Amino acid sequence: MRELTFLEAIREAQEQEMARDERVFILGEDVSFNVYGSTGGLAERFGLDRVRDTPISESGFAGVAIGAALVGMRPIVDFTIASFMYLAMDQLVSIAAKTAYMYGGQAHVPAVFRAALFYNGGLAAQHSDRNYAMFMQVPGLKIAVPSTPHDAKGLLKSAIRDDDPVLMFEDGALWGSRGEVPEDDYLIPFGQAAVRREGSDLTIVAIGSRVREALAAADTLAKQGISVEVIDPRTLVPLDRATILASVAKTGRALVVDVGHRSCGVAGEILATIAEDGFWSLRAPLKRLTAPDMQIPFSPALEKGFYPDTAQIVEAALALVQD
């Protein structure tokens, strides 16, 4: 099977869906110029009516996308940097998320909002947010965080065909990663986690790029006779709680790894699920590894070590297994 980068998989998903359905179009800042590599050749193939450059007004073009979705179109909004979603917060939270409920299912917002997580690059506090957890608090939004090029393509295609608004968070640390991606059409259902590695001693649930770190840690731990199961949720809303609970029932131990902040984060939600519904399976305390509850520093030296890495995962896993 051929290999694509994460961004190439995103581009291919968009191209295939635009060719399949004339209602699909892309809008965002400078999308026709392929600045970040996810829209190459799309303006030339489909024209500027379907690859639309917008002013620097996130609230404005998010509102345009929602309005277009309400009258039958299927827009893909490119926010580029996840922190910029704050500028469209009212459109996302008050309109996109609530419309289907408020109109009793008579209206829907089939729009996809793509946003990249650009942390760990010295981009400072206003450009480094990993903010998917706060959107988990908003009923009506679906949230995807793919960790491989294969999943990026399959999840994005599913998102485009979904009748509900979807937030697609792409970890910038993965944009250049390569992986096997089928050329043909395929979908990955929302709410279906992937078991990336089977094990019997410890369950590690990892989000986005931390899946890669968790798999590397599992290799290290295997050399010490410790068998680790790695779960990749793939979507946070809906969250595949059943797969996580089944894994913990087998291993008796759970560690959740996320680059988001600790308080009120994804890791805390997953551990709460285990505590409520899988408590009697546990053989050790629950553990989470996250970024600290601090603003992201501009200094690369200060940002280094801010996010859980392979070494930290190995250390936490050893402590859990030895308890």
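Which residue in strand 13 is the bridge partner of alanine 206? The partner is valine 257.

The structure is a predicted model, in which local features need pLDDT of at least 70, side-chain atom pairs count only at pLDDT 80 or more, and totals for chains, interfaces and linings use all residues. Residues are numbered from 1 along each chain as its sequence is written, and side-chain values use heavy atoms, with hydrogens and water left out.

The bridge at alanine 206 belongs to the pairing of strand 10 (residues 202-206) with strand 13 (residues 254-261), which run parallel and are joined by 4 bridges. Strands (E, at least two residues) and helices (H or I, at least four) are DSSP runs numbered from the N terminus, and two strands pair if DSSP finds at least two bridges between them. Both strands lie in an open sheet of 5 strands with mixed pairing and the order 9-11-10-13-14. Strand 9 (194-197) and strand 14 (287-291) each have a single partner strand, so one side of each edge strand lacks a neighbour in the sheet. From one strand to the next, the twist averages 25°. Helix 9 (residues 241-251) packs on this sheet, touching (heavy atoms within 4.5 Å) strands 9, 10, 11 and 13. The direction of helix 9 makes about 175° with that of strand 11 (228-232); axes are lines fitted to C-alpha atoms, for helices over the stretch in contact, and angles run from 0 to 180 degrees between N-to-C directions.

Another open sheet, also of mixed pairing, is formed by 7 strands in the order 3-2-4-5-7-6-12. Its edges are strand 3 (51-53) and strand 12 (235-237), each with a single partner strand, so one side of each is left without a neighbour in the sheet. The twist here averages 20° from one strand to the next. Within this sheet, strand 4 (residues 74-81) pairs with strand 5 (residues 112-117) in the parallel sense over 4 bridges, and valine 77 has phenylalanine 113 as its bridge partner in strand 5.
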